[in-house]
Amino acid sequence: MRVIDAAVSLERDDFMRRLLTGLGALLEAVVGLEEASGYVALAGQRMGDALGHLYTRELDLGNLDRRQIAELLVDLYRRIQGDFSIISDNEHRTVLANRACPFGAPVRGNEAPRMMTPSVSGHLTARYPGYAKVDLAETIARRHPRCTVVIHLRPGPGADQAPGHEYYGECAGLPRTLPPSVRGDTEDSRERG
């Protein structure tokens with residue numbers, strides 16, 4: 001049998017999912033879950049920022065309201081083969097459910113890649129109202145039958161008492177790039193390189 005005739009079911013999306021979950025598992029094994037989750041969250045931040053620009057440009061909108069953000073998240077995950085739906089949506093929080101993980105079966109038991117969902121969702125949401133706290137109440141990665149994503153839209157008692165990660169949009173009047181003293185740089189560290 002020739003190699004080209006082998007019945008190997010592999011295509012680009014499957015390859016990329018396997019690569020991402022493999023990288024997540026490798027990071028988790030080498031640097032630990034907390035550090036691996038941090039790296040994945042940073043990638044999710046960049047992805048969330050880029051997707052926010054893409055959607056607002058394509059929709060020709062400068063800002064999105066709460067309902068549009070929820071619809072954007074459902075559409076985003078639908079496009080990458082997730083199965084998200086809006087369970088509830090009000091001025092305080094949005095609850096989404098997902099029955100199909102975009103990363104596929106390899107994500108089960110692989111904790112680090114699951115940080116992509118709160119990071120992308122949190123950064124996309126916080127971009128508009130200025131705040132989001134994302135709680136993954138259930139995850140397929142933790143062997144639940146679905147993911148339940150609770151996004152708190154305002155700081156306060158409800159969000160304060162909930163588990164999850166907080167995300168902040170740009171604040172009016174603050175510079176995009178923080179001065180060295182706020183970033184933690186000192187003259188000593190800058191001199192030492």
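Some ground rules first. The model is predicted, so local features need pLDDT of at least 70 and side-chain atom pairs count only at pLDDT 80 or more, while totals for chains, interfaces and linings use all residues. Residues are numbered from 1 along each chain as its sequence is written, and side-chain values use heavy atoms, with hydrogens and water left out.

Let's begin with confidence. The pLDDT (the predictor's confidence in each residue, from 0 to 100) has a mean of 79 for the protein, and 82% of the residues reach 70 or more. Helices (H or I, at least four residues) and strands (E, at least two) are DSSP runs, numbered from the N terminus.

Now turn to the strands, where two count as paired if DSSP finds at least two bridges between them. E1 and E2 form a hairpin with three residues between them, and they pair in the antiparallel sense over five bridges. If you look at Phe84, you will find Asn98 of E2 opposite. E2 is also joined to strand E4 (residues 147–152) by six bridges, again running antiparallel; here Thr94 has Ile151 in E4 as its bridge partner. Strand E2 (residues 93–98) is largely enclosed by the rest of the structure, because five of its six residues are buried. Buried means under 20% relative accessible area, exposed over 50%, and partly exposed in between (1.4 Å probe, protein chains only).

Helix H4 (residues 116–126) is mostly covered too, with 11 of its 11 residues buried. The cover over its buried residues includes helix H2 (33–59) and helix H3 (66–79), together with E1, strand E3 (131–138), E4 and strand E5 (165–168).

Finally, zoom in on Thr148, which sits in strand E4. Thr148 counts as buried because its relative accessibility is 9%. Leaving aside neighbours within four places in sequence, Thr148 is in contact with Val95, Leu96, Asp135, Leu136, Ala137 and Glu138. The Thr148 side chain also makes a polar contact with the side chain of Arg146, at 3.3 Å. Such a contact is a pair of N or O atoms within 3.5 Å; within protein, one must be able to donate a hydrogen and the other to accept it, and residues adjacent in sequence count only if both atoms are side-chain atoms.

How values were computed. Contact = heavy atoms within 4.5 Å.
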